[in-house]
Amino acid sequence: LEAKVDLDIAGTAAFFGETQGRAVVSTPTDRVEEVLAAAARYDVPAQKIGRVLPAGASISIKTPNAEINVSTADAAARYFEAIPSRMDIVTADSPTA
């Protein structure tokens, strides 16, 4: 899938923030207004921030002062290889018996 997201959050918080009060909800395009209305009914702040497109080649995230564009293949590789590659570094740095 390809994703295009526009955020009003500035700085690194937009890319690396892990605030508990945020959630990303994906819904079919024809139900966006229904989801936003449900959030409003319960006084939950909500906004449309982007869209998921059919299989493509990139993920694009824009904030007021930064932008990230990465291929989906590169994003997947970094996600799935992050811990194993870090473990390889730790193992290489460890003293041998």
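This note goes through the predicted model point by point, from overall layout to single residues.

1. Layout. The protein has 3 helices and 4 strands. Read from the N terminus, the order of the elements is β-α-α-β-β-β-α. Of its 97 residues, 10% count as buried.

2. Confidence. The model is predicted, so begin with pLDDT, the predictor's confidence in each residue. The mean for the protein is 78, and 71% of the residues reach 70 or more. Among the elements, helix α2 (residues 32-41) has the highest mean, 96. Helix α1 (residues 13-16) has the lowest, 63. Where pLDDT is low, the predicted coordinates should not be read in detail. Keep that in mind when looking at helix α1, given its mean of 63.

3. S60 lies in strand β3, which covers residues 59-63. Is S60 buried or exposed? S60 is buried, because its relative accessible area is 7% and the cut-off for buried is under 20%. The side chain of S60 also has a partner: a polar contact of 3.0 Å joins it to the side chain of N69.

4. Strand β3, second residue of interest. T63 is in strand β3 too. T63 has a relative accessibility of 10%, so it counts as buried. Where does the chain bring D6 relative to T63? The two are 57 residues apart in sequence, yet their C-alpha atoms are 6.1 Å apart in space.

5. The second largest pocket. Its volume is about 200 Å³. Which residues line it? They are I59, I61, V70, A75 and R78. Strand β3 and helix α3 (72-93) each supply at least two residues of this lining. By class, the lining has 4 nonpolar residues, no polar ones and 1 charged one.

6. How accessible are the two partners? D74 is partly exposed, with a relative accessible area of 30%. R78 is exposed, since its value is 59% and exposed means over 50%.

7. Side chains of opposite charge can pair when their charged atoms come close. Here R31 and E34 meet through their side chains, at 2.8 Å from N to O. R31 is partly exposed, at 40% relative accessible area. E34 counts as partly exposed as well, at 47%.

8. A loop residue. Where does R22 sit? R22 is in the loop between α1 and α2. R22 counts as partly exposed because its relative accessibility is 41%, which falls between the 20% and 50% cut-offs. R22 and A46 are 24 residues apart along the chain. Their C-alpha atoms are separated by 9.3 Å.

Note on methods:
Residues are numbered from 1 along each chain as its sequence is written. This is a predicted model: local features need pLDDT of at least 70, side-chain atom pairs count only at pLDDT 80 or more; totals for chains, interfaces and linings use all residues. Side-chain values use heavy atoms; hydrogens and water are left out. Buried means under 20% relative accessible area, exposed over 50%, partly exposed in between (1.4 Å probe, protein chains only). A polar contact is a pair of N or O atoms within 3.5 Å; within protein, one must be able to donate a hydrogen and the other to accept it, and residues adjacent in sequence count only if both atoms are side-chain atoms. On a 1 Å grid over the protein atoms alone, a cavity is a set of points where a 1.4 Å probe fits but cannot get out, and a pocket is an open set with protein on both sides within 12 Å along at least five of seven lines; lining residues have an atom within 4 Å of a point. Grid points are joined across faces, edges and corners, and a volume is the space filled by probe spheres set on the points. Ala, Val, Leu, Ile, Met, Phe, Trp, Tyr, Cys and Pro count as nonpolar, Asp, Glu, Lys and Arg as charged, and the others, Gly among them, as polar. A salt bridge is a side-chain nitrogen of Lys or Arg within 4 Å of a carboxyl oxygen of Asp or Glu. pLDDT is the predictor's confidence in each residue, from 0 to 100.
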